[in-house]
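User: Hi! I am new to protein structures and would like to learn how to read some features. Could you walk me through this one?

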Amino acid sequence: MASRPYLRLSALVWLVLAAPAWGAASRRALPPEAEVMGVLRQLETARVQGRARALEDDFDEQARERPHDSMPRVYRAWLLFPMDACWNELKALSTLYPENPWPLVGMGLIYVRWGMLAEARGVLATALRQAPGFAPALWAEAMLLQAERKPAEAEARFREALAKLDAPQIRTALGLFLAQQPGREADARAELTRAVEAWPEQPEALKTLARLAQAGNDVRAAAVAGDKLVALKPRDREAHRLQAGLWLAAAEKDKAAASLERYVALGGAEPASLWQLARLYAELGRGPDEEKALGRLMEADGRDAEAALRLAELAEARGDVAAAEGFLVKASERAPARSDVHVRRARLVLKQERFQDALGAYRAALAAPERRVPEAEGEAAALVKRFRLPATPARGTADQVYNRVSLGLVALYMERLKEVPELKGNLKVRVQVDESGRATQVAVLYDSLKDAFIAGHAYFAFLDAQYPPGQDAPVFQYVFRPPK
């Protein structure tokens, strides 16, 4: 029994003497720095792509299989960077595995992110005491110096870390740092270009690289960087919209159209972007696709008249006059104050010899105050002359209106007989009159005459007339026969 204290003391002495050697051996057992940085890149990529959950389970399994290996737990914690849970786990690991500098590096980076610079300085100093020249700790220290607004010291430390370990994370951090320094844009682009070539799944680096390329008028490089960024977030419709602008600046119209198509497929309906897509289709000669884009634009913006006007133009070009007029009607409904829209419809129906509809559209054009067409007044006057409308509207009782309109109709009929000697028939119309005595509707009840100018004269003459106040619906009937 006397020997047990001696044995216990011997064991204690052995542990004390062996601890430094065991710690050094454990440090040597850690994976190479480049390997760990590679795993950390995989973690960040998984976070960006939304695959972190699967890795959590994987590292949990590794930790169970290798209970004495600290790295699976370090990786598992790093998946939550820079959340409180990450710091808490790294803090626990730094106590359990004081020989492992990685938990201290992670804590230092989190402190920098949180703005707790004094705390960051302490843990990073500890990491570098434990592992002098440890490149990841130098990288974290450079980030700290940057946060402390010590640019010269920060750049020196970044380059010192890179000299020891050429890892994309370190090169990216240097590039982002240089991008903030006046006059260092070229250096920043060089560093970031190398970084994203080795590790493309870096949204912030790609955004900065695209911005720097644009600022340097290297539009193609900006577009290439933006394309890589979009690949990271394929369901981010705003990213596709912005990428379309980059491809367009690089004169890559097909690629710009493809980006906007993806934007639309993801639910994008911003009118300016839909217009951009429609114009691209027009420039690429993709007529049917342009029409679809314009249709979406009309659905997205109920006040837009330009899309309807362009659709009318396309429909008329392919000979679909009915569709063209339909789009012009929609355009006039969306922009009733635009004179040019009404003029376009008037000219379209005039080509079809629908004279009454044409004069109605010209009247709307002359009443509209915006984008007036100088020729419209003369074109409308020519139609008024063909209809032989009176200079002043009829007014008075229903009989007085009837008699006044009859004079004009008979005179016009006699003119039309010169062109159509066999012209004869009946015309019967009903007028809806409101309380003020103004006609609101003129409906043809019967027309065996089938003469567009006589029917049009009756329509406009009764529509313009002033009737006695009070709602009424007088019916006017005419019989036209050539004189014997």
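**Reading surface and aromatic features**

Analyst: Happy to! Let's begin on the surface: L445, Y446 and V475 form a nonpolar patch there, with about 260 Å² of accessible area together. Keep in mind that this is a predicted model.

User: Where is V475 placed?

Analyst: V475 belongs to strand β3, which covers residues 475-480.

User: Is V475 buried, exposed or partly exposed?

Analyst: The general idea is that buried means under 20% relative accessible area and exposed means over 50%, with partly exposed in between. V475 has 42% relative accessibility, so V475 counts as partly exposed.

User: Thanks! Now the rings. How many aromatic pairs does the structure hold?

Analyst: There are 17 aromatic pairs in the structure. One of them joins F355 and F453, and this pair is stacked: 4.5 Å centre to centre, with 25° between the planes. The general idea is that planes under 30 degrees apart count as stacked.

User: Why does the pair of F355 and F453 tie together parts that are apart in sequence?

Analyst: F355 lies in helix α21 (residues 355-367) while F453 lies in helix α24 (residues 452-464), so the pair ties together parts that are 98 residues apart in sequence. Both F355 and F453 are buried.

User: Why is the pair of F462 and Y478 called tilted?

Analyst: Planes under 30 degrees apart count as stacked, those over 60 as edge-to-face, and the rest as tilted. For F462 and Y478 the planes are at 35° and the ring centres 6.4 Å apart, so the pair is tilted. F462 lies in helix α24 and Y478 in strand β3, so this pair links parts that are 16 residues apart in sequence. F462 is buried, with a relative accessible area of 0%, and Y478 is buried too, at 7%.

User: Which residues form one aromatic cluster?

Analyst: The cluster is made up of Y402, Y413, F462, F476, Y478 and F480.

User: Rings can meet charges too, I think. What sits over the ring of F355?

Analyst: That would be the charged end of R386, 5.0 Å from the centre of the F355 ring.

User: One last residue, please. Where is D451 placed, and is D451 buried or exposed?

Analyst: You will find D451 in the loop between β2 (439-447) and α24. D451 has 5% relative accessibility, so D451 counts as buried.

User: Which backbone atom lies 2.9 Å from a polar atom of the D451 side chain?

Analyst: The backbone nitrogen of I454 lies at that distance, 2.9 Å from a polar atom of the side chain of D451.

Note on methods. Residues are numbered from 1 along each chain as its sequence is written. This is a predicted model: local features need pLDDT of at least 70, side-chain atom pairs count only at pLDDT 80 or more; totals for chains, interfaces and linings use all residues. Side-chain values use heavy atoms; hydrogens and water are left out. Patches are made of residues with over 30% relative accessible area and no salt bridge: like charges are joined within 9 Å, nonpolar side chains (Val, Leu, Ile, Met, Phe, Trp, Tyr) within 5 Å. Accessible areas come from the Shrake-Rupley method with a 1.4 Å probe; for residues, only the protein chains shown count as cover. A salt bridge is a side-chain nitrogen of Lys or Arg within 4 Å of a carboxyl oxygen of Asp or Glu. Helices (H or I, at least four residues) and strands (E, at least two) are DSSP runs, numbered from the N terminus. Buried means under 20% relative accessible area, exposed over 50%, partly exposed in between (1.4 Å probe, protein chains only). Rings of Phe, Tyr and Trp (its six-membered ring) pair if their centres lie within 6.5 Å; planes under 30 degrees apart count as stacked, over 60 as edge-to-face and the rest as tilted. A charge sits over a ring if NZ of Lys or CZ of Arg is within 6 Å of the ring centre and within 35 degrees of the ring normal. A polar contact is a pair of N or O atoms within 3.5 Å; within protein, one must be able to donate a hydrogen and the other to accept it, and residues adjacent in sequence count only if both atoms are side-chain atoms.
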